Structure formats: structure tokens, C-alpha cells
Amino acid sequence: MRFISVSINNFRNISSVDLDLDAEDIVLTGINGQGKTNFLESIYTLCYGSSFRTNHLREAIKHGTDGFSLSAVAENDNGIRERLVVSLSEGKRKISIDNKEVNDRRNLIYSFPCIVFSHDDILFVKGEPENRRRFFDQMMSLYSPFFFDSLRSYRAILMQRNAAVKQKDKSLISLYDSRLASYGLELMKERAEAVYGFNVIFPELFRRISETDMNITVKYQPSWGAMDKEDEIVSYLEENTERDIILSTTTSGPHRDRFTVMCDGVPFSSIGSTGQIRLASILFRIAEAEYFSSKTGKKPLLLIDDVLLELDGKKRGLVLESLPSYSQAFYTFLPNESYFSSRRDNALSYKAVNGEFIIDRG
């Protein structure tokens, strides 16, 4: 899938733009604060119905206006063009494909698979455990409807159980235990498989780009340990009910699983340099894209937002050369920057100036 054209109205600092995107590579240049990242955010919002920068889409509404609208013509892998619209007005989000309303965002996600490289990705390596859980959950949800549904169901049951825990209602808590265990086991199995596949790709990728012999892998540590039967987990939950009540929350389960980035048996965040950690976070996304393609046979759309600035020139080039096959890629660069090893004649280039985008024919 790739975008052919896009119209953006009142999104962040972008008042109104209509742009041709009919190319494999789209390059946005400009000094900071001109709207490059806002543009990538609008494309992401079209693909997901949500933002990678905020949990509240209303924050993306241009100041002084009461809503935004995004529309695009996209071409799927069969060469069929579709019109996609995402809007937010009076606090209500609307999504449609070819004038048919989309009520479940999963239909959007699987139609327009998109992977964003952003500055905050560094938290996948050195941030809190919840950041790595989010990374792997997003990665798996992109290719597996089964995982997506199991994760939704688990979160719904967890919310209900937590409410019962706060009410100290032991009879109600026990009703939720078996369902929590059932969905939790499905998540654990899928996560273990995903980490195994990720570790097939990532370590060699890091060694090649970093030009070191560091063996960096991801270690998956389920909260429920080696327990792999529903009755075992139910018994464990029952044994720890009092602790949960005291702490007013469910203290074990996949929502507490840990994913740790390791280097030869040591947490990588404690020994890696800033440059190595930044590189690892970028390669997380490349490995994600490769794994997605291996699982689906599809090529994702890539959004690459100013993540190369902290790398030296050689590594910047190596990273771009290592990008997996993609349907379309969007890049943001500062003026006069170009990390491509050769001219890309099929690329479209725009200069960002105060929320406007001007074709760059240079």
C-alpha cells in the first residue's frame, strides 16, 4: 500500500495542503518547527486513526480551530485505489474508506500497515519496561489479528478484575481469574514466539551496522514465569489475592512481563554508549519491519523522522542502505542534508516552511 495524494486541514500547524505523493520516497526538508514531524504524524493518523505523539488526538487540532480533517488516495497491493478519511470534530473521530465508515480501527491498521521511526524510540532500549512491552505489542498487533484480539480481551478482563480487587470482592475476583489466565497464556505464547523471531534478525543487524562484535538480544521474562497451564495460573492468582487487595491492583500477569535488551548477559542500557543505544533503537524498527514482512509477505510504509541526527555519517548511510523492502517511505531531513548513497530519481522532495510544503526541484 502507498499514498498517491493527501489533503491536510487544520492539523497541528498545517492549515491546508494538498500534495502529490505518487512516489516510492518522499523527502521533507526544513529547519525545526516548520511542520515536518506534523506531516508524518498526519500520515500515521491516516494509517492508525491515532497519533504516535499523543494519546489525545484533540491536541493535534490547529490552535484556533474546532477540528481537523485528513484525506488521502491510497493504492493497495492489487493496484486498487481507495479514498481514506480521518477527521476529528466536536470531540468525535470519524474514519471512512471509500465513504464506508470504519468502526473498528483494526480494519484500518491491517489495510495500511505503517511503521514510524521517532526520537522517542530510544525508550525501547533504555526506558521503563512498559515501553518495551508497548513496542512488542504494537509489532505483533500489526501482523497478528489473533494477538490483537487476545490483547484487547486480556486488557478488558484485567480492568474488570482490578475493579473487583479495589472493591475487595473475592467472589467476583475468582470469576475473572480463569479468563485472565486463558487470555494471558495466549499472549505469553505469542510474545515468546515473537521475541525468538526478533532475535533471529536483530543481533546480526546490530553487529553489521555498529561494526562491533556485541551480541545484543532481547530477553523475555513472563510475570508468570514458567507456568504454562491455566489451572496453575489460577491457583497462583488465588494464592496472591490478598496481596492484590492490599496493593489494590493485579500484581502479576502479561501486563507485568519484562523485555530486557541484553548484551552478552548484561543489560545493554548499563554499558552501551549514547550512540550505540540510539542506533539500537533505530534498528529495533528495522527489525520490526523485516519481521512484519516475513510474517505477512507485505511491505510496510515507513515514516523516518529525524532519528539519524545522532549517528555519524557512515552509520547514517548504512542504516538507510539496510532498510527492508517497503511500499513507500517518508523521510525528514534538515536543510542541505542527504544521507542517500546515490540520487533517487523517483523521490519527491518538499521544503517545509511554516506549515506549508513547497515542491523542491533541486
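## Ser87 in strand S5

Ser87 is a residue of strand S5, where a strand is a DSSP run of E with at least two residues, a helix is a run of H or I with at least four, and both are numbered from the N terminus. With a relative accessibility of 17%, Ser87 counts as buried, a word used here for residues under 20% relative accessible area, while exposed means over 50% and partly exposed lies in between (1.4 Å probe, protein chains only). When its neighbours within four places in sequence are left aside, Ser87 is in contact with Phe68, Ser69, Lys92, Arg93 and Lys94, a contact being heavy atoms within 4.5 Å.

This is a predicted model, in which local features need pLDDT of at least 70 and side-chain atom pairs count only at pLDDT 80 or more, whereas totals for chains, interfaces and linings use all residues. Residues are numbered from 1 along each chain as its sequence is written, and side-chain values use heavy atoms, with hydrogens and water left out.

## Two loop residues with positive phi

Glu90 is found in the loop between strand S5 (81-89) and strand S6 (92-97), and its phi is near 55°, a positive value in a residue other than glycine. Is Glu90 buried or exposed? Its relative accessible area is 78%, and Glu90 is therefore exposed.

Asp306, which lies in the loop between strand S12 (301-305) and H10, has a phi near 50°, again a positive value in a residue other than glycine. Asp306 counts as buried, because its relative accessibility is 18%.

## Helix H10 and what it packs against

Helix H10 covers residues 313-321, and its buried residues are Lys315, Arg316, Gly317, Val319 and Leu320. Which elements do the buried residues of H10 pack against? They pack against helix H6 (170-210), helix H9 (274-296) and strand S13 (328-333). At the start of H10, a side-chain oxygen of Asp312 comes within 3.1 Å of the backbone nitrogen of Lys314.

Ala287 belongs to helix H9, and at 0% relative accessibility it counts as buried. Not counting residues up to four places away in sequence, Ala287 touches Phe198, Ile201, Phe202 and Leu205. Ala287 and Leu323 are 36 residues apart in sequence, and their C-alpha atoms are 9.1 Å apart in space.

## A nonpolar patch

Val353, Ile358 and Ile359 make a nonpolar surface patch of about 220 Å². Patches are made of residues with over 30% relative accessible area and no salt bridge, with like charges joined within 9 Å and nonpolar side chains (Val, Leu, Ile, Met, Phe, Trp, Tyr) within 5 Å; a salt bridge is a side-chain nitrogen of Lys or Arg within 4 Å of a carboxyl oxygen of Asp or Glu. Ile358 has its place in strand S15 (residues 356-359), and with a relative accessible area of 45% Ile358 is partly exposed.

## The chain as a whole

The chain holds 10 helices and 15 strands. Its radius of gyration is 22 Å, close to the 21 Å that the globule rule gives for 362 residues, so the chain is as compact as a globular protein of that length; the radius is taken over C-alpha atoms, and the rule is 2.2 Å times the number of residues to the power 0.38.

Of the 362 residues, 53% count as buried. The chain exposes about 16,800 Å², of which carbon and sulfur atoms supply 46%, with areas from the Shrake-Rupley method and a 1.4 Å probe, and for residues only the protein chains shown count as cover.

Terms used:
Polar contact = N/O pair within 3.5 Å; in protein donor to acceptor, adjacent residues only side chain to side chain.
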